[in-house]
Amino acid sequence: MTRPKVLSIVLAGGEGKRLMPLTMDRAKPAVPFGGTYRLIDFVLSNLANSDLTKTAVLTQYKSHSLDRHISIAWRMSTMLGNYVTPVPAQQRLGPRWFQGSADGIFQSLNLINDEDPDYVVVFGADNIYRMDVEQMLEAHIDSRMGCTVAGIRVPRKDASAFGIIDAGEDHKIKEFLEKPADPPGLPDSPDESFASMGNYIFSRDSLVQALYDDSNAPDARHDMGGDIIPRFVNAGDAQVYDFKDNQVPGATEKDADYWRDVGTIDAYHEAHMDLVSVEPEFNLYNTEWPIWTSQVQAPGAKFVMRGTCDDSLVSAGCIISGTDIYRTVLGPRSRVERWARVDESILMNNVRIGANATVHRAILDKNVVVPDGAQVGVNHEHDRARGFTVSPAGVTVVGKGVTVPY
Ligand code: ADQ
C-alpha cells in the first residue's frame, strides 16, 4: 500500500499571557523547558519520530527566538523533500493579522495546495508528552471520518481550560464544548473529564471545506477548538482518539500516559518537578523516542568544593560550587556559589546565584543575577514589592536579565 501523503501544521502562534513574564519577549512555544529544550521541541519530536517529516510551524507573536530555534535545531535534510519550516502570518487573504488558530491555517491554505496531502495533522505547540502520531493517523484513516481529535482524561477541577469531549462507545463525538465553565464529569469517574489535547487529524478536503465555511461565518472567532471542531461534530463527522491507546517505545509505566498543558506558571513549575523525581513522572532519558533539540556548545557541568545537587537536572556548562541544590532544573551555563541554597526551582540559561543567596520555589529566567546573600521565594510580599510575579501556588518568577535587588 502506498503511504498516504501527510502535511503537519503546528500551531505556534499562542501569546501565552498566563505564562508572563516568561512570554514577555518570546512566543509561548519558544519558552525553555527542562534545561535544554523549548516547548515546541516536544511536538516536533513526536512528529519526526513518527516519520512525519513535512511540517509547517505557524508563528505569530514575538516569533524571533522561535524562528531562530526552528531554523537551528530543526533544519532537516531537504533531499527527500523533508522540512520543518516556520511560516509567519502572511496576510495572504486580506490585510489582517491572524485572528484565531483556524484563521492562521486559512491564511496559509497555499501550504495545503502546494503539498497536496491526503491528510492534515494539526497539532498544538505547547504541551509536554510523547505520542506516536502514526497510530492516531491509522485510527483516523480506519474511521473514514473527516476529523479525529486526540482526547485524554483530566481532573474535572482543571477541565474548564480545555475543550471537553462527549463521545459514544464507537468513539464518535456527540458533543464538544470548548472551555465550558462547568465541565461535565465522566459517567464512570465524576471527578474526571475527557479533554481535547488540541491535536487533530483531518482528511484534507473536509478541512479545507470547513475552513472556507468558517471564514464566511459572520460571528466566528476562527478558532480550531471553538469553531472548526464543533462544525465537524455537528455534521456527525468527528471521532475521538483515546490517548490511552497510544503506545510509544521505551515508555515507562509512569510516563506512558503523561500529557501536560504547561500554560500557567504553576503547571509549568509542576511539570519541571515531574522531571526531577528519582523515578520521573516524565522520563527525558527514553532513547527509543528521543526529544530532539539543539544543545549549546559548552563543557560538562562541574561540581567543586563539595557542591551537591540532589534530585536535580543539571545542563552543560554549569558550575556548582560548595552549595546544596535540591529538586532543581539548571539550564546551560548557570553558576551557583558557595553556601547558597536552591530548591524546587528552575534556572534558565546563564543564571548567576551568589554566595549565601537563597532561592526557594522560584523560576529565574535567562541571565538573572541573584547577588550574594539575596533571597527569592522566601517572602512573597517582598517578592511582589520588588516587581516579581508570584503564582497562585506561591512560585516566584524573576524575568529575563533582572538583577535581584535586596
Ligand atoms: P488553547 O491552547 O487555549 O486550547 P489556543 O490558544 O487556540 O487554544 O492555542 C492552541 C494552539 O494554537 C497553541 O499551540 C497556540 O500556540 C496556537 N495558536 C493560537 N492562536 C494561533 C494563531 N492565530 N496562529 C497560529 N497558532 C495559534 C486548545 C484547544 C482546547 C484544548 C487545548 C489543549 O482549543 O480545546 O483542550 O488546546 O491544550
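Strand E15 and strand E18 (residues 324-326) run in the parallel sense and pair over 3 bridges. Strands here are DSSP runs marked E of at least two residues, numbered from the N terminus, and two of them pair if DSSP finds at least two bridges between them. Within this pairing, Thr308 has Asp324 of E18 as its bridge partner.

A word on the model: it is predicted, so local features need pLDDT of at least 70 and side-chain atom pairs count only at pLDDT 80 or more, while totals for chains, interfaces and linings use all residues. Residues are numbered from 1 along each chain as its sequence is written, and side-chain values use heavy atoms, leaving out hydrogens and water.

Now step back to the whole sheet. It is open, with 5 strands in the order E15-E18-E21-E24-E27 and parallel pairing. Its edge strands, E15 (308-310) and E27 (375-376), each pair on one side only.

The chain is divided into domain 1 (6-267) and domain 2 (295-398), with bounds from an automatic or database domain assignment. Here is how the two meet:

| Domain 1 and domain 2 | Value |
|---|---|
| Separation of centres, over C-alpha atoms | 33 Å |
| Salt bridges between them | 1 salt bridge |

A salt bridge needs a side-chain nitrogen of Lys or Arg within 4 Å of a carboxyl oxygen of Asp or Glu. The side chains of Arg26 and Asp365 form a salt bridge, at 2.9 Å from N to O.

Terms used: Helix = DSSP H or I, 4+ residues; strand = E, 2+ residues; numbered from the N terminus.
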